[in-house]
Amino acid sequence: MNSRALRRTAILTVAVSTSAIVLAGCASGSGSSSESDGPVTLTVATFNDFGYSDALLKEYESEHPNVKIVHNKAATSNDARANYFQKLGKKGLADIEAIEVDWLPEVMKYSDLLAPVPDDLKSRWLDWKTEAATDPDGNLIGYGTDIGPEAICYRSDLFEAAGLPTDPTDVANLIDGDWAKYFEVGAQYASATGKAFFDSAGGTYQGMINQVEAAYEDPESGDIIATKNPEVKDIYDQVTAASATQSAHLGQWSDDWFAGLSNGAFATMLCPGWMLGVISGNAQDVTTWNVANVFPNGGGNWGGSYLTVPANGAHVKEAQALADWLTSPETQVKAFENAGTFPSQVKALESDTLLSSTNEFFNNAPVGQIFTDRANAVTVAPFKGQYYFQINDAMQKALTRVETGEQDAKTSWDQWVSEVDAIK
Amino acid sequence: MTSTLTPPAATENPDAPTRRTRRIGFGHRLSHWDLKFSPYLYISPFFLLFVIVGLFPIAYTAVISFMDWDLVRNSGTFIGFDQYTWVLSNPKFWIALRNTFSIFLLSSIPQLAAAIFIAAMLDQNIRAKTFWRMGVLIPYVMAPVAVALIFSAMFGDKYGLVNTALQNIGLPAIPWHSNAFASHIAIATMVNFRWTGYNTLILLAAMQAIPRDYYEAATVDGAGKARQFFSITVPSLRPTLIFVIITSTIGGLQIFDEPRMYDQYGTGGPNSQWLTITLWLYNIGWGEWNFGRAAALAWILFLIILVIGIVNLFVTRRLVRDEGSRNPLSRRERRAAERSARDRVAAQSRAAVAASTTDKEEAR
């Protein structure tokens with residue numbers, strides 16, 4: 001066998017097939033890059049439902065005849081997250097990419113790869129919304145879309161059975177105060193009925209920790225302070241003590257938890273605006289869910305999103321203009337009407353459409369007014385550093401271990417401390 | 001090939017009568033090449049594809065496993081074996097290893113036992129054969145994620161179907177999501193549901209290849225169904241069993257979908273009760289974006305599977321008796337016969353050597 005000929009054939013075959021693959025790869029990449037004089041195609045990537053309907057995007061296209069918008073929706077935010085970090089800093093991201101507040105700490109590490117929001121727009125949003133997306137150099141990297149101001153959802157029939165007031169205003173007055181007050185009402189409810197007051201220690205803890213300015217990491221040095229922070233320990237102790245008698249021990253988003261929404265396993269729940277849809281969708285036969293305009297310790301925010309513009313995109317200028325328009329107060333109110341995404345713009349919160357909106361499922365509660373009040377009550381933008389997610393995830397697991405009775409509060413805390421110590 | 005093309009040296013001599021060199025036609029040469037190279041060309045697409053999508057990622061993973069890798073900036077610093085040390089010294093690794101093996105054993109063993117039994121049943125002369133045979137494959141057609149979703153709803157701690165049923169007949173509810181062993185059983189159930197039918201069909205195909213004469217002869221000899229199953233069917237399945245066991249080992253050690261879909265977070269439970277190696281690998285890579293560690297873990301998993309696969313092969317070879325055992329002698333008798341044959345040959349050669357030396361001596 002002539003091995004040189006074989007080798008040559010092999011090399012040739014490899015070369016041909018490789019170049020074919022490379023060419024195929026290039027073909028799809030080069031198609032979209034056109035000069036900015038001509039018509040421009042802008043891609044917008046979102047997930048779940050941002051309320052950016054086709055009609056809404058058409059509106060922008062008719063105002064800007066040279067712009068064509070392609071809207072890609074990922075099914076879940078997890079899909080979008082994986083895609084975002086795989087392509088960030090390389091090619092392939094959309095001109096405008098939506099991000100969720102949960103991954104903001106990771107995005108902030110790469111803030112230099114994103115085009116900053118122009119200074120004149122910064123006053124558009126609530127302070128704490130911009131603060132969370134501003135990097136140490138003072139660049140705001142995300143156009144705020146929606147927020148998740150929290151209120152308290154409750155079931156009036158269960159409150160009635162426990163001899164508690166049922167009218168939303170009375171309930172708000174009853175709970176008004178700090179977390180101790182909330183748990184006090186919970187103890188009252190639990191002793192009257194022998195049933196659970198709230199859904200899970202994890203969900204309640206999340207509401208509490210979101211009111212702490214710097215819970216896990218030092219904003220200055222980036223050091224992990226979680227295990228030594230007395231505030232964290234205090235919240236942990238409060239929640240685990242209360243959950244022993246007041247929690248339904250149903251982990252949020254578990255199958256049991258969804259069942260609990262409709263079968264009265266718990267009487268109250270911390271309720272960001274978007275949670276209303278989750279409750280109404282999973283407890284369709286229940287008519288007694290209501291929402292009270294109150295939140296322990298004032299205001300709290302859970303969730304929300306931003307739009308970002310990758311700095312290496314083909315049409316950064318045009319993308320910025322579109323992101324500006326999409327997050328303007330007027331457009332956000334329309335998005336709210338489309339999908340219930342609660343706006344984060346100061347002006348939008350004054351809009352009549354928003355303030356007058358009610359929710360039929362929640363006994364026509366004036367949800368627009370309630371959540372505007374709750375949003376205005378938020379004062380703290382919690383600092384979330386690059387290890388926030390890992391530490392918080394370990395904490396949620398620690399709380400679950402206590403809830404299932406697998407470990408006592410002390411053992412579980414100690415295990416959490418050792419897990420946090422193992423991070424980097 | 002080249003030698004036939006060079007003209008013979010004789011033509012250099014001008015006096016010699018010019019002889020026309022035999023020209024080889026292009027067609028001939030082409031068919032010659034065809035014979036030599038086309039087989040390689042035909043099998044090359046797979047190997048090229050394997051090099052690009054298989055071998056390269058594997059090698060690249062090895063490189064990254066020695067680095068502190070930043071996926072977004074696509075850069076890293078070389079840190080030697082630090083990632084491997086981190087993985088091996090993390091208690092979670094050993095918990096994940098325990099869980100992986102526990103789930104693997106809880107799924108593979110009952111699954112193969114059931115598969116052999118069902119296949120033997122399907123191999124009988126039953127009505128509507130095709131219907132039953134296709135029936136066992138239906139669970140396999142279902143998407144694993146769909147299976148996991150349905151089963152995790154069934155295994156709910158408070159309002160799940162299984163616990164409700166247990167409580168209705170007066171038994172205590174099982175903490176499916178906090179007891180490690182219970183969670184392994186629940187996950188193994190999902191795996192078994194999906195894969196038993198698949199293995200059944202493979203084993204059934206192998207069973208059909210066993211000559212019916214054996215069974216007829218056995219029946220004539222008065223062997224019962226059970227005896228026929230253990231003495232004819234199982235030994236004849238040896239090569240297929242090895243294949244099935246090895247594939248289910250690889251699959252079992254890489255188990256991911258079911259534990260990931262088992263609860264709402266997909267991170268293996270509050271106390272890592274059902275954290276498997278691949279699940280942890282995913283969480284490190286796509287949850288914490290630490291690709292150096294994930295790559296190191298991937299290589300450790302690769303080595304584990306390799307070792308288990310080899311051990312598996314030897315154990316299976318030992319356990320399952322020789323194909324068909326058509327030799328009436330038992331293994332011990334066979335060995336004894338071999339030994340005596342060897343001895344006989346040795347004795348003969350000794351005798352021959354002795355004879356030749358005596359010849360030489362006599363000649364002297």
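Let me start with one detail in chain A: a polar atom of the side chain of A:Asn301 lies 3.1 Å from the backbone oxygen of A:Gly303. Before I go on, please keep in mind that this is a predicted model, in which local features need pLDDT of at least 70 and side-chain atom pairs count only at pLDDT 80 or more, while totals for chains, interfaces and linings use all residues. As for conventions, residues are numbered from 1 along each chain as its sequence is written, chains are lettered from A and ligands numbered from 1 in the order in which they are written, and side-chain values use heavy atoms, with hydrogens and water left out.

Back to A:Asn301, then, which sits in strand β8 (residues 301-308) of chain A, where helices (H or I, at least four residues) and strands (E, at least two) are DSSP runs numbered from the N terminus. A:Asn301 counts as buried because its relative accessibility is 15%; here buried means under 20% relative accessible area, exposed means over 50%, and partly exposed is in between, with a 1.4 Å probe and protein chains only. Leaving aside residues up to four places away in sequence, A:Asn301 touches A:Trp128, A:Ile147, A:Gly148, A:Pro149, A:Glu150, A:Asn210 and A:Val378, a contact being heavy atoms within 4.5 Å.

Next, the salt bridges, by which I mean a side-chain nitrogen of Lys or Arg within 4 Å of a carboxyl oxygen of Asp or Glu. How many salt bridges does the structure hold over all chains? The total is ten, and I will go through some of them.

In one of these, the side chains of A:Glu106 and A:Arg81 meet at 3.0 Å, N to O. A:Glu106 belongs to helix α4 (residues 104-108) of chain A and A:Arg81 to helix α3 (residues 77-87) of chain A, so the pair ties together parts that are 25 residues apart in sequence. Both A:Glu106 and A:Arg81 are buried.

Another salt bridge joins A:Asp324 and A:Arg124, at 2.6 Å from N to O. This pair links distant parts of the chain, with A:Asp324 in helix α13 (residues 316-326) of chain A and A:Arg124 in the loop between α4 and α5 (127-132) of chain A, 200 residues apart. A:Asp324 counts as partly exposed, at 26% relative accessibility, whereas A:Arg124 is buried, with a relative accessible area of 15%.

A further one is formed by A:Asp237 and A:Lys233, whose closest N and O atoms are 3.5 Å apart. Because the two are four residues apart in helix α10 (residues 230-246) of chain A, A:Asp237 and A:Lys233 are separated by about one helical turn. A:Asp237 is partly exposed, with a relative accessible area of 35%, and A:Lys233 is partly exposed as well, at 31%.

Turning to the backbone, most residues other than glycine have a negative phi. A:Asn48, although not a glycine, has a positive phi of about 45°; its place is in the loop between β1 (40-47) and α2 (54-63) of chain A, and at 43% relative accessibility A:Asn48 counts as partly exposed. A:Asn363, also not a glycine, has a positive phi of about 55°, and lies in the loop between α15 (352-355) and α16 (367-377) of chain A, where at 42% relative accessibility A:Asn363 counts as partly exposed.

Now to chain B, whose secondary structure comes to 16 helices and two strands. Of the 364 residues in chain B, 36% are buried, and among its contacts with a separation of 6 or more, 67% are between residues 24 or more positions apart.

Finally, the interface, where the contact takes 34 residues from chain B and 45 residues from chain A. The area buried between the two chains is about 3200 Å², with 55% of it from carbon and sulfur atoms; buried area is the accessible area (1.4 Å probe) that two parts lose on being put together, summed over both. Which residues form the one salt bridge between chain B and chain A? They are A:Asp112 and B:Arg73, with the closest N and O atoms 3.1 Å apart. On the side of chain B that touches chain A, α2 (26-64), β1 (67-70), α7 (144-154) and α14 (277-287) of chain B each supply at least two residues, and α2(B) gives the most, with six residues.

Conventions. A polar contact is a pair of N or O atoms within 3.5 Å; within protein, one must be able to donate a hydrogen and the other to accept it, and residues adjacent in sequence count only if both atoms are side-chain atoms.
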